[in-house]
Amino acid sequence: IQWCATFLAASLLGITIVPISPKTSQEDTECLFKHCDAKLLAYGRTSTISYSDFTNSLCIDELPIYPEIKHPTILNSIVTEEDIMMIIYTSGTTDHPKGVMLSYQSIFANLKFGLQNIPLNPGDYICTFLPLYHCYGCVYNFLFPLLARATNILIDCPLTIPNVLHVFKTYCPTIVFAVPLIVEKIAHIAASKTSSPTEYNKELH
């Protein structure tokens, strides 16, 4: 919840967000921090990285969460469509990660497509288990359900097949966004009668 609130607050203020995986190493985090000239590093308590080396850092778990804001102030006059909303770093399979700059216009175009073509309505349920630091997960697992006024179920537990199936059975999501690799893993392990407990309980990403 704190991650989502921090993301939305930064977006409304026109602050460019650089989401990274919590599994990113200390060395890579420092490299990305310097490369994008970041001014603040926001992190959660579960991260294993030492933040003492960063001049400006903020533990988002310590931020208060307000249950309701009756008259929110939308600071949309601060940003323009051409402003950079996010910088997503590639995995760096063949070289160092490279930052991809995504404008507000680019993100909104994807959200508009979702609202016009994906049947998600107020009162529907969607389960979020794709990484929010990826563009696809952030746009369609997080921002899109908000605009569609659907109920978003955030999976706050290790992403293993038993946990995913439990969430599906409990909430019966209307729609699930996934990537082929995760679907293939679930199908393979679920269909295999010889899957070991280690493989069955292994995190999907």
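Strand E3 (residues 84-89) and strand E4 (residues 99-103) run antiparallel, joined by five bridges. Strands pair here if DSSP finds at least two bridges between them. Helices (H or I, at least four residues) and strands (E, at least two) are DSSP runs, numbered from the N terminus.

This is a predicted model: local features need pLDDT of at least 70, side-chain atom pairs count only at pLDDT 80 or more, and totals for chains, interfaces and linings use all residues. Residues are numbered from 1 along each chain as its sequence is written, and side-chain values use heavy atoms, with hydrogens and water left out.

**Confidence**

- The protein chain averages a pLDDT of 81, where pLDDT is the predictor's confidence in each residue, from 0 to 100.
- A score of at least 70 is reached by 81% of the residues.
- Where pLDDT is low, predicted coordinates should not be read in detail.

**Strand E3**

- Five of the six residues of E3 are buried, which leaves the strand mostly covered.
- Buried means under 20% relative accessible area, exposed means over 50%, and partly exposed lies in between (1.4 Å probe, protein chains only).
- Ile-84 stands opposite Ser-103 in E4.

**Helix H1**

- The buried residues of H1 are Cys-4, Phe-7, Ala-10 and Ser-11.
- Seen down the helix axis, these residues fall within an arc of 135°, so they line one face of H1.
- That arc is taken from the directions from the helix axis to the C-beta atoms.
- E3, H3, H4 and strand E6 (151-154) are among the elements that cover these buried residues.
- Gly-14 follows H1 and has a positive phi, near 80°.

**Aromatic pairs**

- The whole structure holds ten aromatic pairs.
- Rings of Phe, Tyr and Trp (its six-membered ring) pair if their centres lie within 6.5 Å; planes under 30 degrees apart count as stacked, over 60 as edge-to-face and the rest as tilted.
- Trp-3 and Phe-142 form an edge-to-face pair, 6.0 Å centre to centre with 65° between the planes.
- Trp-3 lies in helix H1 (residues 2-12) and Phe-142 in helix H4 (residues 135-148), so their pair ties together parts that are 139 residues apart in sequence.
- Trp-3 is partly exposed, at 30% relative accessible area, whereas Phe-142 is buried, at 3%.
- Phe-144 and Phe-177 have ring centres 6.1 Å apart and planes at 80°, so this pair is edge-to-face.
- Phe-144 lies in H4 and Phe-177 in the loop between helix H5 (161-171) and helix H6 (180-191), so the pair ties together parts 33 residues apart in sequence.
- Phe-144 is buried at 0% relative accessible area, and Phe-177 is buried at 7%.
- Ring pairs also link Phe-144 and Phe-177 with Tyr-136 and Tyr-140 in a cluster.

**Salt bridge**

- Side chains of opposite charge can pair when their charged atoms come close.
- The whole structure has one salt bridge, meaning a side-chain nitrogen of Lys or Arg within 4 Å of a carboxyl oxygen of Asp or Glu.
- Lys-39 forms a salt bridge with Asp-37, with the closest N and O atoms 3.3 Å apart.
- Lys-39 is exposed, at 61% relative accessible area.

**Thr-128**

- Thr-128 sits in strand E5 (residues 125-128) and is buried, at 5% relative accessible area.
- Beyond its neighbours within four places in sequence, Thr-128 is in contact with Asn-141, Asn-152, Ile-153, Leu-154 and Ile-155.
- Contact means heavy atoms within 4.5 Å.
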